[in-house]
Amino acid sequence: MTTPLFVGLDVGGTSMKAGVVDDSGKPLGSISVATEAHRGQAFGIERMCEAIRKAATAAGVSMGDIAAIGVATPGTMDIPAGLILDPPNLKPWRNVPVRDHIHNVFQIPTAFQNDANAAAFGEFWAGAGKDAHSMVLFTLGTGVGGGIIIGDLVLEGEHSHGAELGHMKIEMTNPRQCGCGRWGCLEAYGSATAVVKRATETLAQEGVNSTLTTLQIAAGGLTARHVFEAASAGDPIADKIVEDTAYYLAIGAVNMMHTIDPDMVVFAGGMVAAGESFLQRIRKHVKELAFPVPAERTRINYAQLGSDAGFIGAAACGRKLFREKKQKG
Ligand SMILES: [Zn+2]
């Protein structure tokens, strides 16, 4: 008997990635195409179907071999209804019935999920959380994304706004403004963008002497990587920014530990390149801030799947739906 195969599609603002995944979460082939959201939603949906077909071709299988499809997109969305509502990253798409349309085209079970939730489910199924019972994922990039997995449950929330971990409040005294327009969110402190912003502000202060100033001038602006590299090279200003970032992320992790007491907290995204020393700093602050038992036992690690987590997790959602349908007969 052959094992079932699944296609996962992860739609992002600039590109979408699709891949075929086997029943153990192993990718058999994947492709990436430009999203071109500006060309409108009819084009977008056709592009999604094309990405799904191309993924099958890349994996050397036909669509007839695929048991189910999972599609992950950025919010805002109505997950149970299979609808994209009004996503800032996919303008001008509005009220697009993605799930039903793709289901109508391929006629196999089709699941729909938020992209950050899907990435968390991917890491849980086939990556860092493979042997975990429950897991919280923080994705660190331009913003801070989040996902919560408990057993086989992807925590979507009642209004498809669950696990917006980047927007938990961590500072309400002189709070920084977040990308969401609100104040004091974790994203305004712990994202790669926030690292650059805090570094740039510090360098603008009078009398600050840092190797970052030279980098800033030479590169025409700083990146989070500059800050982490300067910290590793012993620059005290950069080191303070990295240390503060680890502290803010530890606050986020501890808030989640005191809410759901997960088996594992995982950090994903570009800042993972900062390496083991950054993770050690986060772990140190978690130990100081959390209740003793979770402080001791909760595993805090980096993600393992990189940018494949989204499509692998979307495929996992398709697989879950397939299995539920099969059980019901
Ligand atoms: Zn926010």
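What is the volume of the largest pocket? Keep that in mind while reading the points below.

1. **The model and its largest pocket.** This is a predicted model. Its largest pocket has a volume of about 1,500 Å³. The lining counts 48 residues, and P74, N89, D115, A116 and G145 are the closest to the pocket centre.

2. **What builds that lining.** Several elements give two or more residues each: the strands β1 (5-11), β2 (15-21), β8 (134-140), β9 (144-150) and β11 (264-269), and the helices α3 (115-126) and α11 (309-328). The largest share comes from α3, with five residues. By class, the lining of the largest pocket holds 26 polar, 15 nonpolar and seven charged residues.

3. **The second largest pocket.** Here the volume is about 360 Å³. Its lining has 16 residues, and those closest to the centre are F112, Q113, E156, K320 and E324. Two or more residues come from each of β7 (110-114), β10 and α11. The top contributor is α11, which gives five residues. The classes are nine nonpolar, five charged and two polar. Look at α11 on screen: this helix also gives two or more residues to the lining of the largest pocket.

4. **The zinc site.** Which atoms hold the zinc ion? The protein donors are ND1 of H167 and the SG atoms of C178, C180 and C185. Along the chain, the donors follow the spacing H-x10-C-x1-C-x4-C. H167 and C178 both sit in the loop between β10 (153-154) and α4 (187-190), so this pair ties together parts that are eleven residues apart in sequence.

5. **Why the zinc site is called tetrahedral.** The angles between the four donor atoms run from 102 to 120°. Four donors count as tetrahedral if all angles lie between 85 and 135 degrees. The arrangement therefore qualifies as tetrahedral. For reference, the ideal angle for four tetrahedral donors is 109.5 degrees.

6. Are H167 and C178 buried or partly exposed? H167 has a relative accessible area of 24%, so this residue is partly exposed. C178 comes out at 6%, so this cysteine counts as buried. The cut-off for buried is under 20%.

7. **A37 and its contacts.** A37 is in the loop between β3 (27-34) and α1 (41-58). Its relative accessibility is 7%, so A37 counts as buried. Leaving out residues up to four places away in sequence, A37 touches L90, K91, P92 and W93. A37 and G12 are 25 residues apart in sequence, and their C-alpha atoms are 9.4 Å apart.

8. **Two cis peptide bonds to check.** Most peptide bonds are trans. G75 and T76 are joined by a cis bond, with omega at about 15°. T76 lies in the loop between β4 (66-73) and β5 (77-78). K91 and P92 are also joined by a cis bond, with omega at about 10°. P92 lies in the loop between β6 (83-84) and α2 (98-106). Both K91 and P92 are among the contacts of A37.

9. **Two positive phi angles.** Most residues other than glycine have a negative phi. S160 is not a glycine, yet its phi is positive, about 60°. S160 is in the loop between β10 and α4. At 9% relative accessibility, S160 counts as buried. D261 is not a glycine either, and has a positive phi of about 50°. D261 is in the loop between α8 (236-260) and β11.

Key:
Residues numbered from 1 in each chain as written. Predicted model: local features only at pLDDT ≥ 70, side-chain atom pairs only at ≥ 80, totals over all residues. Heavy atoms only, no water. Donors = N, O, S within 2.8 Å, 3.2 Å for Na, K, Ca; no water. Tetrahedral: all angles 85-135°; square planar, octahedral: opposite > 155°, others 65-115°. Helix = DSSP H or I, 4+ residues; strand = E, 2+ residues; numbered from the N terminus. Buried < 20%, exposed > 50% of the residue type's maximum accessible area, 1.4 Å probe, protein only. 1 Å grid on protein atoms, 1.4 Å probe; cavity = no way out; pocket = protein on both sides within 12 Å on 5 of 7 lines; lining within 4 Å. Points joined across faces, edges and corners; volume = space filled by probe spheres on them. Nonpolar A, V, L, I, M, F, W, Y, C, P; charged D, E, K, R; others polar. Contact = heavy atoms within 4.5 Å.
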